[in-house]
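Biologist: I am new to this structure and would like a close look at one part of it. Could you take me through the salt bridges, and say where the residues that form them lie?

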Amino acid sequence: AAYFGFSTTVEGYNSDDDGGGVGPPDVGIYRIINRGNGGTLQVPDGSIAEEANISADGGYSGQDNQHFALEYFGDGYYQLRAIHSDYYVDVELGGTAPGTNIWQYRGNGRD
């Protein structure tokens, strides 16, 4: 489905670590753009498989696999849910090293 939404830029951070600006970002559905290369965050080929990789280097075609719901998790934390699959954006196995894979994963209430 094509996305007919709005465009907003949420960037930076402040002492509250809430995304910068005058308050936390609004919950809603977003297209997320890689500032470095202009690519769109997406689940390639619209995969609905758990642990399917997520990339941020593709072109934009307006499909649901390129849109993510920003949801408030509680205690100042947010999570991103892929619209097409209902899986959440997750860092593979909780890795912390640069270059760690990002994939879609079922919500587990822990990260």
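Modeller: Please keep in mind that this is a predicted model. A search of the whole structure finds three salt bridges, and I will begin with the one between R106 and E50, in which the closest N and O atoms are 2.5 Å apart. R106 lies in the segment after strand 7 (102-105), while E50 sits in the loop between strand 2 (40-42) and strand 3 (55-58), so this pair ties together parts that are 56 residues apart in sequence. R106 is partly exposed, with a relative accessible area of 44%, and E50 is also partly exposed, at 29%.

In one of its pairs, the side chains of R81 and E71 meet at 2.5 Å, N to O. That pair links distant parts of the chain, with R81 in strand 5 (residues 77-82) and E71 in strand 4 (residues 68-74), ten residues apart. R81 also meets the side chain of D86 in a salt bridge, here at 2.6 Å, N to O.

Technical notes: Residues are numbered from 1 along each chain as its sequence is written. This is a predicted model: local features need pLDDT of at least 70, side-chain atom pairs count only at pLDDT 80 or more; totals for chains, interfaces and linings use all residues. Side-chain values use heavy atoms; hydrogens and water are left out. A salt bridge is a side-chain nitrogen of Lys or Arg within 4 Å of a carboxyl oxygen of Asp or Glu. Helices (H or I, at least four residues) and strands (E, at least two) are DSSP runs, numbered from the N terminus. Buried means under 20% relative accessible area, exposed over 50%, partly exposed in between (1.4 Å probe, protein chains only).
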